[in-house]
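Q: Can you walk me through this one? I'd like the sheet before anything else.
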Amino acid sequence: MSQPAPTTRPHAPAGTLTRRSWLQAAAAAGATIAAPVLAQTRAISITLPWVVNGSNYWPMVGKELGFFKKRGIDLTVSRGNGSVAAAQAVANKQFDMGVVFFGGTLVNMARGLPLQALATVGYDSLMGNLVLADSPIRGSKDFEGKRVGTVATSAESPYWAAYAAKTGIDLTKVTRQQLDARLIERALMDKQVDAITAIGSSSIPVLDSLGVKTRFIPWSAAGIELYAAQVIARTETIQADPGLCQAMVDGILESVVYTLKKPEESLEILFKAQPEIALTKGGKENARLSQGLAQATMVAPEAIEHGMGYSSIPKLAGMISLAARAGALKADAKPLVPEDLATNRFAGRIKLSAAEWDAVRRNVAPYAKLVGMA
């Protein structure tokens, strides 16, 4: 699927926040502030899954507010080129850590790369079909006799057949059209296809910024579901430097909590750090929408009951099985053990109260409705 145009490498805004100002900002957000973990300041690099946008920018917020600095980390945040490539870059030691969608980590671990998730941030990758708002496609059988566009290399594409099998769609009666990632949303907008397979947090903002209203049909309703964004590191880093891992996870999750509680203030930090977003037509609304959709996936029993970053090992087992059945893993893939995919060693230290979760639910309710989560 297509993605927003690449942005420049993240850079600090012209005005540097003072220690007092970031303490005040953090206090206003009500985020947990832990004492510094690392004895000396260390330069650490992290890659995002794609270009900086509202669904992944929280490490930049924490960098600007001093959440990493107070933990002894001088953080550099870089854009990625897709979750699979970003995970490979971490495994190849181009970056110390990464923010990667679970599907990218899963594929790379099946190839034998030594990675593990330290924390889960998003609990639904929002795989599904996207149709125009006035489309006659309502139920699964309505896809029959229609044209469905997909990008063969996209994250959700392998799972389309699994969704069809779950919901009784006869794929012999569906015309599948292979599309270029840069053109898939345009194909739907121009009615060259009747529906597309999509990651909701990516394609919905793209079309909305063009003034096109859509309707999302989530595959998670049929049990076709994967985790979304996770913080990953090499297993050797986890084993040799648990203090660094804890400091990074705490810094990232504190940043996530700030964006959940202060979404508008957080976006202003993003626009200051990446002014090209605000200058692009529809850029601000795109960022606001992608933020809201990503935040809707953060409201999950794992985080609510166990604390921010927690991963359900039983659910991971089901996701491995799903990926194998869908053909997302090669036949000669390395056998995967759920406990190897993610650890909860560093998760759960930062928690929201019931009242705080209620406030988050109210904030994300309009976005959750867009992807069938409300």
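A: A definition to begin with: two strands count as paired if DSSP finds at least two bridges between them. The model is predicted. In it, β4 and β10 (residues 229-234) run antiparallel and are joined by 5 bridges.

Q: Which residue stands opposite A119?
A: V231, in β10.

Q: What order do the strands of the open sheet come in?
A: The order is β2-β1-β3-β10-β4, 5 strands with mixed pairing. At the edges are β2 (73-78) and β4 (115-120), each pairing on one side only. On average, neighbouring strands are turned by 30° against each other, direction ignored.

Q: What does helix α2 touch on the sheet?
A: Helix α2 (residues 58-65) packs on the sheet and touches β2, β3 (97-101) and β10. The direction of α2 makes about 145° with that of β2.

Q: And which strands does α3 lie across?
A: Helix α3 (residues 83-91) lies across β1 (42-47), β3, β4 and β10. Relative to β3, α3 runs at about 155°.

Q: Switching topic. Where does R349 lie?
A: In the loop between α15 (338-341) and α16 (354-370). The side chain of R349 has a polar contact of 2.9 Å with that of D250.

Q: How many helices and strands does the chain have?
A: 16 helices and 10 strands.

Q: What share of the residues is buried?
A: 56% of the 374 residues count as buried. The chain exposes about 15300 Å², with carbon and sulfur atoms supplying 53% of that area.

Conventions:
Residues numbered from 1 in each chain as written. Predicted model: local features only at pLDDT ≥ 70, side-chain atom pairs only at ≥ 80, totals over all residues. Heavy atoms only, no water. Helix = DSSP H or I, 4+ residues; strand = E, 2+ residues; numbered from the N terminus. Polar contact = N/O pair within 3.5 Å; in protein donor to acceptor, adjacent residues only side chain to side chain. Buried < 20%, exposed > 50% of the residue type's maximum accessible area, 1.4 Å probe, protein only. Areas by Shrake-Rupley, 256 points an atom, 1.4 Å probe, with all protein chains shown as cover. Axes fitted to C-alpha atoms, helices over the stretch in contact; angles between N-to-C directions. Contact = heavy atoms within 4.5 Å.
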